[in-house]
Amino acid sequence: MSVRAGREFLAIPGPTTVPDEVLRAMHRPAVDIYSGPLLALTDGLLRDVARVFGTKGRAYIYIANGHGAWEATLTNVLSKGDKILVLESGRFAIGWGDNARRMGVEVEVLKGDMRRAVRPAEVEARLKADKGGTIKAVLVAQIDTASGVVNDIAAIGQAMRAAGHDALLMVDAVASLGCMPFEMDKWGVDVAMSGSQKGLMAPPGLGFVAANDRAREVHKKAGLRTPYWDWTDREGDLHYQKYAGTPPEHLLFGLRQALDMLFEEGLENVYQRHRLLAEATRRAVGIWAEGQAIGFNIIEPSERCDTVTTVQLNGYDPETLRAYCNQKCGVIIGHGIGDLSGKGFRVAHMGHVNAPMMLGTLSVIEIGLGALGIPHAKGGAQAAIDWLADQVKP
Ligand SMILES: *Cc1c(COP(=O)(O)O)cnc(C)c1O
């Protein structure tokens with residue numbers, strides 16, 4: 001017996017649910033790439049991507065996923081033998097740094113762990129000790145999708161200035177852009193990157209990079225530049241150059257629709273919606289945790305992010321729970337990755353999500369916990385309902 005017919009809920013931290021409006025916007029014939037509406041579409045998208053990043057700097061759109069956008073950032077500002085500092089708080093900044101290492105960059109990891117945010121004071125101390133200024137860039141993820149942590153990018157930027165160090169601050173905003181504030185210029189971020197398939201509600205396939213003037217100055221001397229990723233090439237006047245070849249037309253139509261939907265809702269409301277649905281999830285997990293088998297991965301409540309909740313499951317197989325939720329009830333929750341592989345699960349509340357989707361997802365997890373006999377206190381879904389009833393006023 002299953003109750004999974006109907007629309008499947010994809011509650012994994014990317015790709016996220018693509019709105020029907022976005023799917024429809026892509027369902028159209030290809031258009032000319034040398035003239036006509038595509039040219040204005042590109043100009044508008046570059047402007048609006050920069051707007052979402054919070055920068056007056058330049059934006060670049062790549063046909064790539066997040067890993068591609070990582071490579072775009074690295075090749076444009078670094079040279080072989082340069083040294084960078086990677087701030088650990090999960091898996092993703094580490095992965096970005098690993099790619100840099102494979103490109104001939106010397107990588108130092110500022111030790112952190114899977115259960116907490118980066119500590120800005122430690123960044124400041126490390127940079128102060130770098131008297132010769134050998135560190136060329138600092139890499140950090142705003143939200144790490146493996147651990148479920150949110151890092152305070154403003155405070156990290158402040159720490160770098162307090163250290164009097166001029167390394168570039170480079171931020172991975174794949175799991176946060178369009179879900180929570182990102183203020184590239186205000187926070188002193190020099191290079192930021194993201195992807196289309198998470199908070200930005202579009203299909204996978206577009207990578208975004210933003211760079212300020214300082215980064216574009218460093219770019220002029222970067223030795224790792226390659227034709228496809230190169231910012232200078234993409235700043236050329238010809239529309240064709242902006243994508244280093246044929247534009248990903250249909251993804252661009254979809255992205256336009258997704259951005260229009262975000263702006264129409266209002267970014268402040270979008271961010272607040274994420275906060276409320278994330279907290280509803282945390283209320284549920286907090287109740288379940290009373291049964292001792294379940295717990296938050298991120299120890300400090302204020303460091304838990306608003307796009308994904310990473311949950312530890314002690315003594316029980318999370319894959320059994322994931323399979324139950326999927327096969328019996330039509331909800332796909334994320335598996336644990338990195339240190340949490342086989343030891344936890346992740347619930348995404350990212351992008352095109354609303355109250356019924358999250359309450360449905362949380363209810364299904366609670367059904368699964370009950371059906372599988374995993375110890376938990378009952379009433380997690382009810383706690384999420386109570387939270388939303390208290391916050392979302394008539
Ligand atoms: C998903 C994700 C990535 C990688 O994106 P891909 O599109 O899968 O290459 C990088 N960083 C963070 C924080 C992510 O969540």
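## Close-up views of a predicted model

View 1. Tyr240 is partly exposed, with a relative accessible area of 37%, whereas Tyr34, at 58%, counts as exposed (buried means under 20% relative accessible area, exposed over 50%, partly exposed in between, with a 1.4 Å probe and protein chains only). This is a predicted model, in which local features need pLDDT of at least 70, side-chain atom pairs count only at pLDDT 80 or more, and totals for chains, interfaces and linings use all residues. Residues are numbered from 1 along each chain as its sequence is written, and side-chain values use heavy atoms, with hydrogens and water left out.

**View 2. An edge-to-face pair, Phe53 and Phe182.** The two rings lie 5.9 Å apart, centre to centre, with 75° between their planes (rings of Phe, Tyr and Trp, the last by its six-membered ring, pair if their centres lie within 6.5 Å; planes under 30 degrees apart count as stacked, over 60 as edge-to-face and the rest as tilted). Both Phe53 and Phe182 are buried, and together with Trp187 they form one aromatic cluster.

**View 3. Surroundings of Ala175.** Ala175 is buried, with a relative accessible area of 2%, and beyond its neighbours within four places in sequence it is in contact (heavy atoms within 4.5 Å) with Ile143, Thr145, Lys198, Thr307 and Met350. The C-alpha atoms of Ala175 and Gln197 are separated by 9.1 Å, although the two residues are 22 apart along the chain.

**View 4. Arginines over phenylalanine rings.** The charged end of Arg28 sits over the ring of Phe253, 3.8 Å from its centre, and that of Arg304 sits over the ring of Phe296, 3.7 Å from its centre (NZ of Lys or CZ of Arg within 6 Å of the ring centre and within 35 degrees of the ring normal).
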